[in-house]
Amino acid sequence: MATSKVVPLICCLAFFCLSSSIISAAKSDFFYLTLLWPGAYCNGFSKDCCTPTTGEPAEDFFVQALETYDSATGKIVTNCNSTCPFYINQLRKLIDDLFAYWPDIKCPSNNGMNQWKSVWCTYGSCSNLTEVQYFQQALALRGKVDLLNTLTSNGVVPSETTQYNLEDIQRILIAYLGFSTEVECRRSLLRRDYELYKIRICVSSDGQRIISCPISMRKTCGSKIKFLPFSTNMLHDEGADNKANPLKMPSAKSLVM
């Protein structure tokens with residue numbers, strides 16, 4: 001009887017160890033550069049968008065993350081370093097671009113550093129890049145693809161009312177970037193319209209080259225989508241509240257000098 005109880009226990013332990021080794025063996029071999037369109041973010045579920053404490057961001061697509069993926073499994077790879085040091089001083093030469101193109105516009109107003117640390121620890125720790133390389137490459141790729149100019153120069157301009165054919169947007173992206181992009185949409189709760197929310201771009205594991213996507217994402221768009229406008233006027237200014245608050249958060253720039 002004792003033996004019959006021991007065997008299943010050994011099997012369970014062996015299975016647990018095998019499963020653990022498989023999970024720990026997961027390795028990133030490409031990135032998704034995820035670019036967020038704030039027009040959908042601030043018009044959709046997150047109506048409370050605030051001006052960062054560091055000033056107004058660019059009226060453009062924002063970097064959300066350079067996400068690490070395993071092409072063999074098609075799954076995201078995250079949190080590869082439990083300690084995960086993050087040094088804001090290392091990013092001092094990138095700080096103006098981070099304020100402009102990688103802001104955190106959630107309320108309450110903030111300086112973006114918590115977001116950058118979270119992204120680095122979640123994805124950057126699973127890459128082969130240093131902290132500086134990770135942020136530098138993401139920002140450089142955002143500028144290289146120049147999505148807003150690519151779309152508007154081909155007639156897809158932000159509008160409250162116009163609906164665009166998803167196929168037309170995909171055709172534009174393919175012409176400029178090849179089969180490297182995935183379009184993600186949000187659906188308006190009130191109007192039930194599909195809204196362009198994010199564009200994901202497949203990138204090589206060294207963070208330098210745009211590549212054809214080795215996997216496909218779940219489809220989230222209808223055949224017709226809106227490209228809602230965005231301006232910094234849509235952001236709430238919490239300056240009055242900050243002036244009244246003696247615990248106002250310092251800007252990131254003051255911490256990298």
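In this predicted model, residues 24 or more positions apart account for 80% of the contacts in the protein chain with a separation of 6 or more. The protein chain holds nine helices and seven strands. It has 257 residues, and 47% of them count as buried. Its accessible surface comes to about 13700 Å², with 54% belonging to carbon and sulfur atoms.

A search of the whole structure finds 14 aromatic pairs. One of them joins tyrosine 32 and tyrosine 69 edge-to-face, at 5.1 Å centre to centre and with 80 degrees between the planes. This pair links distant parts of the chain: tyrosine 32 lies in strand E1 (residues 30-36) and tyrosine 69 in strand E2 (residues 62-70), 37 residues apart. Tyrosine 32 counts as buried because its relative accessibility is 0%. Tyrosine 69, with a relative accessible area of 8%, is buried.

Tryptophan 37 and phenylalanine 227 have ring centres 4.8 Å apart and planes at 50 degrees, so the pair is tilted. Here, too, distant parts of the chain are linked: tryptophan 37 is in the loop between E1 and helix H2 (38-43), phenylalanine 227 is in the loop between strand E7 (224-226) and helix H8 (239-244), and the two are 190 residues apart. Both tryptophan 37 and phenylalanine 227 are buried. Ring pairs also link Trp37 and Phe227 with Phe61, Phe62 and Phe230 in a cluster.

| Charged end | Ring | Distance from ring centre |
|---|---|---|
| arginine 142 | tyrosine 101 | 3.7 Å |
| arginine 186 | tyrosine 197 | 4.1 Å |

Methods. Residues numbered from 1 in each chain as written. Predicted model: local features only at pLDDT ≥ 70, side-chain atom pairs only at ≥ 80, totals over all residues. Heavy atoms only, no water. Helix = DSSP H or I, 4+ residues; strand = E, 2+ residues; numbered from the N terminus. Buried < 20%, exposed > 50% of the residue type's maximum accessible area, 1.4 Å probe, protein only. Contact = heavy atoms within 4.5 Å. Areas by Shrake-Rupley, 256 points an atom, 1.4 Å probe, with all protein chains shown as cover. Phe/Tyr/Trp six-rings, centres within 6.5 Å; stacked < 30°, edge-to-face > 60°. Lys NZ or Arg CZ within 6 Å of the ring centre and 35° of its normal.
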